[in-house]
Amino acid sequence: MDDLERRLKEHELPGGAPQATLTSVAQRAEREGLVDVAYTTVDSPMGDLLLAATPFGLARVAYPLNGFDSVLAELARRLSPRVVEAPARLDRVRRELDEYFEGSRREFDLPLDLSVASGFSRRVLEATARVGFGELASYREVARAAGSERAVRAAGSALGRNPVPVVVPCHRVLRTGGGLGGYTGGLDKKRFLLDLEGLEV
Amino acid sequence: MTALPPFQAVLDRHGADVYRYLVASVGPVDADDCFQEACVSALRAYPELRHGDHLRAWLFRIAERKVIDLHRTRARRALPSDDLPEQSVSDRPAHASTDLFDQVRRLPDKQRAAVFLRCVLGTPYGELARALGCSEPAARRSVHEGLTKLRKGAHRWTTSSVG
């Protein structure tokens, strides 16, 4: 390497684009209808949450245990690779979640995009969405409401894959004997939510 | 072949270097706009890619197109003048500049892109060839020719400034 090449290499350049520029990119992309999946991360009393929405509605709520990077990679694969950190689309979700955690909201009024779930899984999620604040249901009851009382295990696994936990309240679904069952974000999160709703299990 | 990662991941990974490349190529004033244009164009085209290989070179190629667009716009806007350097995408007039990057900016497009990507950002030749849309030997040649011109230019500058 001679002097010229050394001078080129050592020439001062900024570390990267300023935050304002990156924000403008996201806003412009959103305005031009190029953001198929918008996401943001928020902090909550339960720790960080990843929120993602399509133009149709909320498509994903994820816990750190799910691995945010792998959740985003899955959204890219299953919905669209146009996944952009564009927090504005999640403002309403964020606000309703804040109210829920503060205790001033008992049900969510949000459009959902459950297109990743179909058939029985989809019906299980819809049945679970009808279990109200502070109520409990069993996996069997949810399976029955979804049209197949014997498919208890399938109902459990559909809830394990619930793309929008908290908002579709799979934490309110327990084992028939009252056992806690499983939870997508870890059992400590399920306990936290049940506790928040004044449920003793 | 790898699946397409989330677009944001591509931007998080390579955006900083693309921005640096644009600052080098068009100067800090226009880099911001070029960067936004490049990102939006890339996002628009993204789902049409068949796989997630060579995304960095792909992104640089889009950025380079924005540099050339800007260059053309400037050329159209500029008043006809004898002392305007033919290939300049520099913000400042040629004769006033001692800045090394300004000299690179006055190279022909391909040499300019090759010198910035190779010598400033350390791009490997395989990736450089993809970014420039040419063969690897042609990419090497562009770097070499660019550097040769710069050395001559630097020499001329030194002698004229002394003389």
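Because the model is predicted, local features require pLDDT of at least 70 and side-chain atom pairs count only at pLDDT 80 or more, whereas totals for chains, interfaces and linings use all residues. Residues are numbered from 1 along each chain as its sequence is written, and chains are lettered from A and ligands numbered from 1 in the order in which they are written.

Chain B contains seven helices and zero strands, where helices (H or I, at least four residues) and strands (E, at least two) are DSSP runs numbered from the N terminus. Its elements accordingly follow the order α-α-α-α-α-α-α from the N terminus on. Of its 163 residues, 42% count as buried, a residue being buried if 20 or more other C-beta atoms lie within 10 Å of its own, exposed if 12 or fewer, and partly exposed in between, with C-beta atoms placed from the backbone. Among chain B contacts (C-beta atoms, placed from the backbone, within 7 Å) between residues at least 6 apart in sequence, 60% join residues at least 24 apart.

The contact between the chains takes 31 residues from chain B and 29 residues from chain A. On the side of chain B that touches chain A, two or more residues are given by each of α1 (7-26), α2 (28-45), α4 (100-105), α5 (109-120) and α7 (136-162) of chain B, and the largest share, nine residues, comes from α1(B). By class, this side of chain B has 24 nonpolar, three polar and four charged residues; Ala, Val, Leu, Ile, Met, Phe, Trp, Tyr, Cys and Pro count as nonpolar, Asp, Glu, Lys and Arg as charged, and the others, Gly among them, as polar. P47(B), found in the loop between α2 and α3 (55-77) of chain B, touches S80(A), P81(A) and R82(A), not counting residues up to four places away in sequence. P47(B) is partly exposed, with 14 other C-beta atoms within 10 Å.

In chain A, the domain assignment, which is automatic or from a database, gives domain 1 (3-102) and domain 2 (119-196). The C-alpha centres of these two domains of chain A lie 28 Å apart, and their contact takes eight residues from domain 1 and 10 residues from domain 2.

The axes of helix α5 (residues 119-129) and helix α7 (residues 152-160) of chain A come within 9 Å and cross at roughly 75 degrees, the axes being lines fitted to C-alpha atoms over the stretch in contact, with angles from 0 to 180 degrees between N-to-C directions. That makes α5(A) roughly perpendicular to α7(A), a term applied to angles of 65 to 115 degrees. In this contact, F120(A), S121(A), V124(A), L125(A) and T128(A) of α5(A) meet A154(A), A155(A), A158(A) and L159(A) of α7(A), and these residues divide into seven nonpolar, two polar and no charged.

The buried residues of α5(A) are S121(A), V124(A), L125(A), A127(A) and T128(A). Seen down the axis of α5(A), they fall within an arc of 160 degrees and so line one face of the helix, the arc being that of the directions from the helix axis to the C-beta atoms. These residues pack against α6, α7 and β6 of chain A. In α7(A), A155(A), A158(A) and L159(A) are buried; viewed down the axis of α7(A), they fall within an arc of 95 degrees, so they too line one face of their helix.

Notes: Angles under 35 degrees count as roughly parallel, over 145 as roughly antiparallel, 65 to 115 as roughly perpendicular and the rest as oblique. Two residues are in contact if their C-beta atoms, placed from the backbone, lie within 7 Å.
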